[in-house]
Structures are given as C-alpha cells and as structure tokens.
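The stops below follow one another as selections.

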Amino acid sequence: MTPAPQLLRRYLLAASSWTLTSSMVEVTLPLVAVVALGQGSTQVGLLTGAVLATALLVQVPAGVWSDRRRRHSPHLAALRLTDAALVLLTAVTLWLGVLTFPLLLVATVLHVVLATVAGSLGYHLVNLFTDSSTRGRAIGHLQAAREATSVAGQSLGPALLAAWGAPAALASAAAGALASALVGLGLVRPESALLPVEEPRVGGDRGVQLRAGLGSAARRSATPLLLAVGVSVATSLTVPVHLLFLLRDLAVPVRWTGAVVAVGSSGAVVAGLVLDRVRRAAGTTRTCQAAAVVAAAGPAVLLLARPGALAAPAVGVSEFLSAFGGALLVGALMSDLQQSVDARSLSTVLSAVQVALQGGGLVGIAVATGLATALTRRHVVEFSLGLLVAVVAAGLLTAARSRPPR
C-alpha cells in the first residue's frame with residue numbers, strides 16, 4: 001500500500017495539536033505552583049530541574065523502546081490519552097483544593113515522561129507515511145509546525161490561566177490532548193495496512209546493533225553533529241544574561257520583549273519551511289555550515305546594537321538570525337539522519353543526538369552562570385560569539401579533512 005498524503009496531514013494535525021497542548025501544560029504547571037500553591041523560587045527551580053533531568057534521562061530509553069515496537073500509532077494514542085487523563089486529574093485536584101506541591105511535581109515528571117516517549121514514536125510514523133520523494137519536505141514542515149505551535153502554547157497557557165483560572169486552563173490543555181489522541185486513533189488501521197505482511201524479527205545483540213547505528217550516524221554526520229552541539233553550547237551561553245542585556249544594556253522597552261521573542265520564533269518556523277529545499281540544493285554538510293554562520297551572525301548583530309529607537313529592531317534581527325540558523329542546522333542534521341539510519345535503531349540514534357544537543361545547552365548555561373559573576377553581560381555575549389566563530393572554523397576544517405583525496 002502506497003502512503004497517502006491525507007495520512008501525513010492527519011499525523012501532522014495530531015502532532016501539532018499535541019505540541020500545542022503539551023507546551024501549554026509545561027508553561028502552566030510552574031505558574032500553578034506560584035499562583036495557586038504559593039510556592040517560591042526554590043520550588044519553581046525544582047520543577048524546572050525535574051523537567052530537564054527527566055527529559056535527558058528518559059530520551060534514549062524511550063528511543064530504544066520505540067525501536068522495539070512494530071506498530072507505533074496505537075501506543076502513541078494511548079500515551080496521549082494517558083496524558084490527557086493526568087492533566088485533567090491535576091486540574092480536578094487543584095479545583096478541589098487537595099493538590100500539593102509534591103503531587104504537582106509528580107504530575108510534571110509523568111507528563112515529561114509521556115511526552116518524551118510519544119516524541120520518540122513519531123520518527124517511525126513520519127517515515128511510514130511518506131516516501132523518499134516527500135519525506136524531507138514533510139520533516140521540515142513538521143519542524144515548522146512544532147515551532148509555531150510550541151510558541152502558541154507557551155502564550156496561550158498563561159493567557160487562559162489569567163482569564164479562567166488555573167483549573168480551567170489545565171482542563172483546556174487536557175481537552176486538547178484528548179483531541180490529539182482521537183485524531184491519532186484514526187491512524188491505527190492505516191498504519192497496519194502500510195506495514196509489511198511479514199516483518200522479520202530483529203535478531204542478534206541489540207547492543208551491537210545500537211553501537212553500529214550510532215557509529216554509522218557519527219561517521220556519516222560528523223561535521224553536522226560537531227556544528228550542532230557546538231552551536232548549542234555557544235548560543236546557550238547568553239541565556240542567563242540575555243534578558244538583562246536587552247532591558248538594561250540596550251534599554252529595550254519591556255513592552256517590546258514579547259514581539260522580539262515572536263520574531264525570533266518566526267525564524268525557526270521559516271527554517272522548517274525551507275529546510276528540505278536548502279538541504280537538497282546544498283547538501284547536509286554545507287547547509288549545516290551555512291546555518292552555523294547565520295547563527296553566529298545573531299550575537300554579532302546584538303553586539304552592534306546601541307540603545308535607542310533602533311535597538312528593538314536590531315534585537316529582532318538578531319533573534320531571527322539566531323533562531324533561523326540554529327533551527328536550520330539541527331533540522332538538516334536530524335532530517336539527514338531520519339532518512340538514512342536503519343529503522344531498527346532510528347529512534348534510539350535520534351534520541352541520542354537530542355540528548356547530546358540538550359546536554360550541550362545545559363553545559364553552556366552552567367558555564368555562562370559562572371561567567372556572569374566575573375564578566376559583564378556584554379563580555380558574556382562576546383565570549384559566545386567567539387565560541388561560535390571557533391565552532392564554525394572547526395566545522396569547516398573537519399569537513400575539509402573528511403573529503404576524499406582527488
């Protein structure tokens with residue numbers, strides 16, 4: 001049976017609605033801790049740390065589990081239904097006045113586990129619902145939709161909380177997760193029809209297969225992987241000082257910060273839309289090299305900006321370049337791997353790459369937090385730019401060395 005375009009559209013609809021509601025939940029739960037439960041910065045920090053740690057710890061095991069599944073859409077729908085029930089239960093306990101911070105912490109961790117495992121299942125479904133001629137474009141469009149709906153969810157969650165209260169905001173998110181699960185249930189039978197009648201069972205040592213898959217991915221995408229991890233570390237250096245740099249060093253009005261974030265997010269959306277066309281024209285390695293250069297231009301523009309009427313537009317350009325370059329770089333890497341890695345280790349390899357990128361970002365934030373006590377905010381941004389230039393140079397050198405001799 002040939003994959004039908006409507007199956008992919010249905011999957012994109014389910015995935016986008018899931019990202020929207022999941023983002024709503026992730027931004028609303030810390031607000032619930034502060035607004036409804038009266039918790040302080042320590043508890044919010046604990047929630048944030050639990051989300052990051054859980055995502056890192058669960059990512060690779062979730063990929064391994066996904067690779068061992070023959071059918072993925074039933075598990076995906078079940079995970080989304082479970083998450084809808086979890087969020088609704090959290091809303092009900094909050095409305096009844098029996099929700100405590102430990103229960104909220106448990107609900108947050110469980111939500112992250114469910115979302116991470118659900119994400120690992122999607123790689124196989126995208127490959128199943130597309131052929132080689134449409135897969136790259138579908139991956140790019142999915143990335144663009146994910147970025148757009150994630151930002152929408154992060155904005156919608158606090159807005160609903162302020163307008164309707166925390167229980168109603170969580171109940172709305174639960175309804176969205178339920179709708180996503182119901183749409184996903186419509187993929188169960190088509191997936192069964194697309195799967196081979198007889199699929200050979202994977203034999204041999206799974207550890208050997210996993211190492212072979214990771215080794216093959218590292219050899220194939222050495223330069224893009226180096227660039228992606230390096231850019232992740234370098235760009236995350238500005239996270240602890242970024243907002244203060246905008247407000248105090250550049251005197252950007254507070255009312256413009258939301259617009260600046262939106263402009264930056266649009267860069268990631270545009271990157272997803274043009275990803276396949278650029279990668280087909282230039283190749284994965286050159287696309288990643290160009291994307292790293294664009295990402296490095298972001299802090300360069302930020303450093304050139306001066307306080308005044310043009311500060312906010314300059315920051316918007318900086319945010320767009322950073323988001324566009326970073327999203328194009330990661331998208332090109334992940335798209336190439338998703339279309340080349342053996343299906344037996346697809347989710348595991350992509351999950352391992354995600355862990356490397358997220359881990360690099362956490363390392364950068366930790367380093368920047370230490371630097372912020374010894375350096376000025378401008379010096380931290382300059383250090384980030386210097387590291388980005390070094391990463392680009394290393395990527396160019398690695399690619400040149402890996403070319404076969406003529």
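Select Ala251 first: this residue sits in the loop between helix 10 (239–249) and helix 11. Helices here are DSSP runs of H or I of at least four residues, strands are E runs of at least two, and both are numbered from the N terminus. Ala251 is not a glycine, yet its phi is positive, at about 55°. Its relative accessible area of 46% makes Ala251 partly exposed; buried means under 20%, exposed over 50%, and partly exposed in between, with a 1.4 Å probe and protein chains only.

Two notes on the source apply throughout. The model is predicted, local features need pLDDT of at least 70, side-chain atom pairs count only at pLDDT 80 or more, and totals for chains, interfaces and linings use all residues. Residues are numbered from 1 along each chain as its sequence is written, and side-chain values use heavy atoms, with hydrogens and water left out.

Now zoom out to the whole chain. The protein has 15 helices and 0 strands. Its radius of gyration, taken over C-alpha atoms, is 22 Å, close to the 22 Å from the globule rule for 406 residues, so the protein is as compact as a globular protein of that length. That rule is 2.2 Å times the number of residues to the power 0.38. The C-alpha trace spans about 75 × 65 × 35 Å along the principal axes. Of the 406 residues, 45% are buried. Among contacts (heavy atoms within 4.5 Å) with a separation of 6 or more, 89% are between residues 24 or more positions apart.

Next, select helix 6, residues 166–185. At 1.5 Å a residue, its 20 residues should span 28 Å, and the end C-alpha atoms are 29 Å apart, which agrees; the expected span is 1.5 Å times one less than the number of residues. Colour the buried positions of helix 6, among them Ala169, Ala173, Gly176, Ala177, Ser180 and Gly184. Viewed down the axis, the buried residues of helix 6 fall within an arc of 155°, so they line one face of the helix; the arc is that of the directions from the helix axis to the C-beta atoms. To see what covers these residues, show helix 1 (5–36), helix 3 (73–96), helix 5 (135–164) and helix 7 (188–194), which are included in the cover.

Within helix 5, pick Ala152. Ala152 is partly exposed, at 35% relative accessibility.

In helix 3, the 24 residues should span 34 Å at 1.5 Å a residue, and the end C-alpha atoms are 34 Å apart, which agrees. Gly97 follows helix 3 and has a positive phi, near 80°.

Where is the largest nonpolar core? Select Leu227, Val231, Leu328, Leu329, Leu337, Leu350 and Val353, which touch the most other members among its 30 residues. A nonpolar core is a set of buried Ala, Val, Leu, Ile, Met, Phe, Trp, Tyr and Cys residues joined through side-chain atoms within 4.5 Å. Helix 13 gives the largest share of this core, 8 residues. Leaving out residues up to four places away in sequence, Val231 touches Ala292, Ala295, Leu329, Leu388 and Val391. A second, separate core has 29 residues, including Leu7, Leu8, Tyr11 and Ala62.

End on helix 14, where the buried residues include Leu350, Val353, Leu357, Gly360, Gly361 and Gly364.
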